[in-house]
Amino acid sequence: MLDKTGIAKRIAKEVKDGYYVNLGIGIPTLVANYIPSGVNVTLQSENGMLGMGPFPFEGEEDPDLINAGKQTVTEVPGTSYFDSALSFGMIRAGKVDLTILGAMEVSEEGDIANWKIPGKMVKGMGGAMDLVAAAKNIIVAMQHVNKAGESKLLPKCTLPLTGVRCIKKIVTELAVLDVVPGQGFILRERAPGVSVEEIQKATAGRLIVEGDIPEMVID
Amino acid sequence: MNKVVSGPDEAIRDIADDSVLMLGGFGLCGIPENSIAALIRKGVKGLTCISNNAGVDDFGIGLMLKTRQVKKMISSYVGENAEFERQLLSGELEVDLVPQGTLATRCMAAAYGMPAVWVRAGVGTEIAEGKEVRNFNGIDYLLEYAFDADFSIVKAWKGDTHGNLIFRKTTRNFNMQMAMAGRITIAEVEELVPAGELDPDQIHVPGIYVHRIFQGSTYEKRIEQRTVRKAI
């Protein structure tokens with residue numbers, strides 16, 4: 001079973017040289033730390049920046065330079081700034097190669113729910129609906145089951161949707177799965193020490209297991 | 001042409017109760033601090049605020065929530081404000097949640113003189129309820145209308161007496177499109193210079209969109225999430 005760092009490390013292997021990548025808050029943010037050397041990516045922050053660098057050293061924080069999580073960040077050589085309309089314009093136009101975000105639920109059709117829980121204070125969807133509607137390649141980073149022990153990979157989402165038929169890949173503490181509408185969750189890799197049976201037990205939606213499922217290789 | 005006003009109180013002098021305002025910024029980054037303070041001094045009520053966020057309890061639009069001046073927020077994310085939550089749950093405050101890109105694009109549509117735009121964000125979700133859907137090349141889109149705000153209030157880095165504006169780093173955010181989208185645009189800047197001093201090639205918002213401009217007296221520029229890395 002993987003911890004959060006493990007999930008981030010596994011997703012980092014999906015990032016290819018030259019990609020423009022948008023990282024959501026939480027586990028997705030960690031992915032930036034594990035991108036292999038030699039793979040050059042440009043991080044897009046939807047509040048209006050391409051070329052997001054690491055957090056600043058203490059004393060070098062600039063209140064005019066934040067990321068979409070409102071954290072202070074830095075520039076890298078080649079950074080550019082733009083306004084929010086252009087930022088989502090490039091997302092809509094399919095210029096961003098990969099979006100990595102968290103989810104509360106994903107359905108076997110690739111629907112995602114990650115912004116609202118009925119009965120709880122609704123904080124808003126931020127840029128999540130725009131990102132899932134537009135990105136050509138979306139990976140969800142999440143726990144396989146929720147705190148109550150219920151599967152988050154479902155036949156149909158029970159929570160209000162963020163987007164429909166948009167999720168292509170999921171990486172959890174147990175497995176790597178592809179999502180193919182009309183088929184279901186296709187099991188690609190097992191986390192170290194996790195059996196197919198355990199993954200099956202934790203997956204409420206239709207799980208497709210074909211042949212031997214390899215164990216993930218994580219450095 | 002005289003766009004320069006003495007300060008925020010003169011700039012917002014004719015904002016009346018029940019006005020619709022656009023307020024620039026993302027989180028607390030690039031917010032029109034001086035104008036918000038003036039709106040609180042003026043005490044206008046019943047405001048509808050189009051703004052990506054609602055500030056925090058003691059800064060930004062949060063200050064106007066405390067004084068009960070806001071009737072409705074049109075935002076994409078409002079999660080950092082306990083007073084907001086209290087007013088929302090008690091029914092004192094209305095909120096219209098709009099996907100962030102759609103919010104920005106509805107400002108852009110107003111800036112570009114377009115009545116509406118087709119967007120994919122929210123298709124198949126509760127956001128789509130009651131909205132016109134049209135299929136282009138096999139993909140469904142929602143019709144989203146341009147905002148119509150009485151006033152836009154933005155913060156830029158530098159401006160000149162003709163109203164030309166330049167922003168710094170990620171403060172462009174919603175400020176840039178909002179500056180171009182309001183019926184009357186008020187811009188506060190850190191540095192106001194005579195026309196001719198800014199490089200025309202570096203202007204982000206041309207002055208035609210800006211009606212009133214002033215140099216803010218002080219900027220706190222509060223940081224919402226101060227994150228640092230350890231020195232090596």
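In this predicted model, B:Glu220 and B:Arg222 form a salt bridge, and their closest N and O atoms are 2.8 Å apart. B:Glu220 is partly exposed, at 47% relative accessibility. B:Arg222 is likewise partly exposed, with a relative accessible area of 26%. Side chains of opposite charge can pair when their charged atoms come close.

**Salt bridges**

Over all chains, a search of the whole structure finds 26 salt bridges.

| Residue with N | Residue with O | N to O distance |
|---|---|---|
| B:Arg222 | B:Glu220 | 2.8 Å |
| B:Lys221 | A:Asp64 | 2.8 Å |
| B:Arg226 | A:Glu61 | 3.1 Å |
| A:Arg188 | A:Asp178 | 2.7 Å |

The salt bridge of B:Arg226 with A:Glu61 has its closest N and O atoms 3.1 Å apart. This pair crosses between chains: B:Arg226 belongs to the segment after strand 11 (212-215) of chain B, and A:Glu61 to the loop between strand 3 (49-53) and strand 4 of chain A. B:Arg226 is exposed, its relative accessible area being 53%. A:Glu61, by contrast, is buried, at 17% relative accessibility.

Within chain A, the side chains of A:Arg188 and A:Asp178 meet in a salt bridge of 2.7 Å, N to O. A:Arg188 lies in strand 12 of chain A and A:Asp178 in strand 11 of chain A, so this pair ties together parts that are 10 residues apart in sequence. A:Arg188 is partly exposed, with a relative accessible area of 38%. For A:Asp178 the relative accessible area is 15%, and this residue is buried because buried means under 20%.

A network of salt bridges links A:Asp62, A:Asp64, B:Lys155, B:Arg168, B:Glu190 and B:Lys221. One salt bridge between members of these two chains joins B:Lys221 to A:Asp64, with the closest N and O atoms 2.8 Å apart.

**The interface of chain A and chain B**

The size of an interface is often given as the accessible area lost when the parts come together. Chain A and chain B bury about 4,200 Å² between them, and 60% of this area is on carbon and sulfur atoms. On the side of chain A, the residues that lose the most area to chain B are A:Asp64, A:Lys70 and A:Met121, together 19% of what that side buries. In terms of contacts, 48 residues of chain A meet 51 residues of chain B.

Across this interface there are 6 salt bridges. There are also 26 residue pairs in polar contact across the interface, both residues being at pLDDT 80 or more. Strand 4 (74-81), helix 3 (84-92) and helix 4 (128-134) of chain A are the elements that give two or more residues to the side of chain A that touches chain B. The residues of that side divide into 23 nonpolar, 13 polar and 12 charged.

B:Ser76 is found in the loop between strand 3 (70-75) and helix 4 (82-89) of chain B. B:Ser76 is buried, at 0% relative accessibility. Leaving aside residues up to four places away in sequence, B:Ser76 touches residues of chain A, including A:Lys123, A:Gly124, A:Met125 and A:Gly126, and residues of chain B, among them B:Ser51, B:Asn52 and B:Leu97. The side chain of B:Ser76 makes a polar contact of 2.7 Å with the side chain of B:Asn52.

**Nonpolar cores**

In soluble globular proteins, nonpolar side chains tend to be buried together. The largest nonpolar core has 50 residues, of which A:Ile100, A:Val140, A:Ile167 and A:Ile170 touch the most other members. Beyond its neighbours within four places in sequence, A:Ile100 is in contact with residues including A:Ile11, A:Val21, A:Leu23, A:Val31 and A:Ile139. A second, separate core of 33 residues includes B:Leu47, B:Ile61, B:Phe84 and B:Ala121.

Helix 1 (residues 4-12) of chain A has A:Gly6, A:Ile7, A:Ala8, A:Arg10, A:Ile11 and A:Ala12 as its buried residues. These buried residues pack against several elements of chain A, among them helix 2 (27-31), strand 5 (98-101) and strand 8 (138-141).

**B:Lys66**

B:Lys66 is placed in helix 3 (residues 61-66) of chain B, and is partly exposed at 47% relative accessibility. Not counting residues up to four places away in sequence, B:Lys66 touches B:Asp57, B:Asp58, B:Glu83 and B:Gln87. B:Lys66 and B:Ile40 are 26 residues apart in sequence, and their C-alpha atoms are 9.8 Å apart in space.

How values were computed. Residues numbered from 1 in each chain as written. Chains lettered and ligands numbered in written order. Predicted model: local features only at pLDDT ≥ 70, side-chain atom pairs only at ≥ 80, totals over all residues. Heavy atoms only, no water. Helix = DSSP H or I, 4+ residues; strand = E, 2+ residues; numbered from the N terminus. Buried < 20%, exposed > 50% of the residue type's maximum accessible area, 1.4 Å probe, protein only. Contact = heavy atoms within 4.5 Å. Buried area = accessible area lost by both parts, 1.4 Å probe. Salt bridge = Lys/Arg side-chain N within 4 Å of Asp/Glu carboxyl O. Polar contact = N/O pair within 3.5 Å; in protein donor to acceptor, adjacent residues only side chain to side chain. Nonpolar A, V, L, I, M, F, W, Y, C, P; charged D, E, K, R; others polar. Core = buried A, V, L, I, M, F, W, Y, C linked by side-chain atoms within 4.5 Å.
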